[in-house]
Amino acid sequence: MLTDCSFSLCADIRLIGKEVWSALFCDDNPFTRYEFLLALEQSHCLGAKAGWQVCHLLARDQQTNHIIAIMPMYKKNHSWGEYVFDWAWADAYQRNGLNYYPKLVTSVPFIPAQGQRLAISQTLTQADKAQLIHLVTHFLQQCLLEQQLSSWHGLFISPEQQAIWPQDTLITRVGCQFHWLNKGYYDFDDFLAGMSSRKRKNIRKERQLLTEYQLSYQFVQGDKATLEQWQHFIDCYQTTYLKRSGHRGYLNPDFFMLLRDSMGRQFNYYW
């Protein structure tokens, strides 16, 4: 049984190291990769000034001093960049004379995509993992009290991982996302065949309007894309946010350049 486990908070992912992080987060999700989160920290998209204070949770086996679990975590002074829209909660706290901020958040910053949030060593038994979850929950409760934080939020946790958290101490918040799934379509006409005649006609009419522009595209692997192509992507990202939200987005050019150097092969660029 897991009897001797200690917890700590780490303010810099480099102190954990790529080898340890990658050994625990061993799935193919690009957003929980060491390189991705490191780029966020090094480009200062995260940090006290950005309102995302890094405090990754580490669990150690005290007998071996090995890290047996990691959970990316941040102390937040606002709710920007989370894509869960909990402003009503903050307002309710304020109306009752309480402070909603700072709060504690486990998430991948600026990425509203589900995935693994707590990485546990595969050397642990199922019983040990269940006990670890209990200990993590207790440690989080202590953090809230000692640091005067209003709450802990686990955002976009995969359904598999949601099921392992104790339901008697946590509240499940349900959101809605719309995803397009390729259900084995042979081609675009096969996709349209599943729609009503009116919708097929409307889509074909909209696509016909684009023919006069004589558009074409090509796939470029991220590490093969030129600086001009990366800058074009950054411009598109910033312009989209500027039109939508009045600012140039949460991710700065330095982040994308770091990503280009460390994870270019994991991304396809459409040009």
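A word on the ground rules. The model is predicted, so I take local features only at pLDDT of at least 70 and side-chain atom pairs only at pLDDT 80 or more, while totals for chains, interfaces and linings use all residues. Residues count from 1 along each chain as its sequence is written, and side-chain values use heavy atoms, with hydrogens and water left out.

Let's start with the sheet. Four strands make an open sheet in the order S1-S3-S4-S7, with antiparallel pairing. Strands S1 (5-10) and S7 (119-120) stand at the edges. Each has a single partner strand, so one side of each is left without a neighbour in the sheet. Two strands count as paired if DSSP finds at least two bridges between them. Take S4, residues 66-71: it pairs with S7 in the antiparallel sense over two bridges. Look at Ile70; its bridge partner in S7 is Ala119.

Now the helix on that sheet. H4, residues 126-146, lies across S1, S3 (56-61), S4 and S7. It runs at about 50 degrees to S1. That angle is between N-to-C directions, on a scale from 0 to 180 degrees, with axes fitted to C-alpha atoms, for helices over the stretch in contact. Contact means heavy atoms within 4.5 Å.

Next, the cysteines. Cys10 is buried, at 6% relative accessibility. Cys176 is exposed, at 62%. The cut-offs: buried is under 20% relative accessible area, exposed is over 50%, and partly exposed is in between, with a 1.4 Å probe and protein chains only.

On to the backbone. Most residues other than glycine have a negative phi, and most peptide bonds are trans. Here are some exceptions. The peptide bond from Tyr101 to Pro102 is cis, with omega near 0 degrees. Pro102 sits in the loop between H3 (87-95) and S6 (103-106). Phe85 has a positive phi, near 55 degrees. Its place is the loop between S5 (74-76) and H3. Phe156 also has a positive phi, of about 55 degrees. Find it in the loop between S8 (152-154) and H5 (159-162). Buried or exposed? Phe85 is exposed, at 61%; Phe156 is buried, at 18%.

On a 1 Å grid over the protein atoms alone, a cavity is a set of points where a 1.4 Å probe fits but cannot get out. A pocket is an open set with protein on both sides within 12 Å along at least five of seven lines. Lining residues have an atom within 4 Å of a point. The structure holds one cavity of 30 Å³ or more. Phe156 returns here: the lining of the largest cavity includes Phe156, Leu155, Gly81 and Arg117.

The largest pocket holds about 1000 Å³ of space. Of its 32 lining residues, the closest to its centre are Gly154, Leu155, Ile171, Thr172 and Arg173. H4 supplies the largest share of the lining, four residues.

Notes: Points joined across faces, edges and corners; volume = space filled by probe spheres on them.
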